[in-house]
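Dear colleague,

Here is the structure for your files. My notes on it follow below.

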Amino acid sequence: MDVNVNKPHCTGCSHCFDVCPVAVFEMREIAKDPDGSKGYINADNTPEDKKWKGVEDKTYYDKWHDQTCHEHYTKKSVAINGSACILCQACLIECEGECITITDDQGQVYQSIYK
Ligand code: SF4
Ligand code: SF4
């Protein structure tokens, strides 16, 4: 199983971290790697065009940055333990940024769409 996060879309809501039963995700502070060059935010298998390079996706940023229900845009989710995924799909329906992609061992692709 491969799990990755489209970093510019990730709002930092931590929902994936909170719901995943097998600790696939780790929330990492943007301040420690502001433009992704240190590899701290881009430590998973996210494809090059979806890596963190210091620029938020405007559509998701405009939608979520002033929501005060919980913290946003201080962290990014990093799928550090994708091989542990049991495909429960809990993260896929909780992902504000609709930015999680899971590919199973047969090549079937699952994409998050916010509930
Ligand atoms: S689908 Fe996988 S990564 Fe997502 S919450 Fe379930 S076990 Fe975790
Ligand atoms: S649920 Fe989605 S938007 Fe929220 S932190 Fe996880 S990957 Fe990012």
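This is a predicted model: local features need pLDDT of at least 70, side-chain atom pairs count only at pLDDT 80 or more; totals for chains, interfaces and linings use all residues.

**Ligand surroundings**

Ligand 1 has 14 residues around it, with Cys20, Val24, Cys85, Cys88 and Cys91 coming nearest. Its shell divides into 13 nonpolar residues and one polar residue, with no charged ones. Cysteine counts as nonpolar in this classification, so the cysteines named for ligand 1 fall in the nonpolar class.

**The chain as a whole**

The protein chain has three helices and five strands. Read from the N terminus, the order of elements is β-α-β-α-β-α-β-β. Along the principal axes, the C-alpha atoms of the chain fill a box of roughly 35 × 30 × 20 Å. The radius of gyration is 13 Å, which agrees with the value near 13 Å that a compact globule of 115 residues would have.

Of the 115 residues, 36% count as buried. Among contacts with a separation of 6 or more, 71% are between residues 24 or more positions apart.

**The sheet**

In general, the strands of a sheet pair through backbone hydrogen bonds, in either a parallel or an antiparallel arrangement. In this model there is an open sheet of three strands, in the order β1-β4-β5, and the pairing is antiparallel. Strands β1 (2–5) and β5 (109–111) are the edge strands, each pairing on one side only. From one strand to the next, the twist averages 15°.

Strand β4 covers residues 100–103 and pairs with β5 in the antiparallel sense over three bridges. Thr101 has Gln111, in β5, as its bridge partner.

**Val5**

Apart from neighbours within four places in sequence, Val5 is in contact with Cys10, Asp44, Thr46, Ser77, Val78, Ala79, Cys99 and Ile100.

For a distance to check against your own coordinates, take Val5 and Asp18: they are 13 residues apart in sequence and 15 Å apart in space, C-alpha to C-alpha.

Leu87 is not a glycine, yet its phi is positive, at about 60°. With 13 C-beta neighbours inside 10 Å, Leu87 counts as partly exposed.

Gln89 is found in the loop between β3 and α3 as well. Gln89 is not a glycine either, and its phi is positive at about 70°. Gln89 has 14 C-beta neighbours inside 10 Å and therefore counts as partly exposed.

Regards

Terms used: Residues are numbered from 1 along each chain as its sequence is written. Chains are lettered from A and ligands numbered from 1 in the order in which they are written. A residue is near a molecule or strand if its C-beta atom, placed from the backbone, lies within 6 Å of it. Helices (H or I, at least four residues) and strands (E, at least two) are DSSP runs, numbered from the N terminus. The radius of gyration is taken over C-alpha atoms; the globule rule is 2.2 Å times the number of residues to the power 0.38. A residue is buried if 20 or more other C-beta atoms lie within 10 Å of its own, exposed if 12 or fewer, and partly exposed in between; C-beta atoms are placed from the backbone. Two residues are in contact if their C-beta atoms, placed from the backbone, lie within 7 Å. Two strands pair if DSSP finds at least two bridges between them. Axes are lines fitted to C-alpha atoms, for helices over the stretch in contact, and angles run from 0 to 180 degrees between N-to-C directions.
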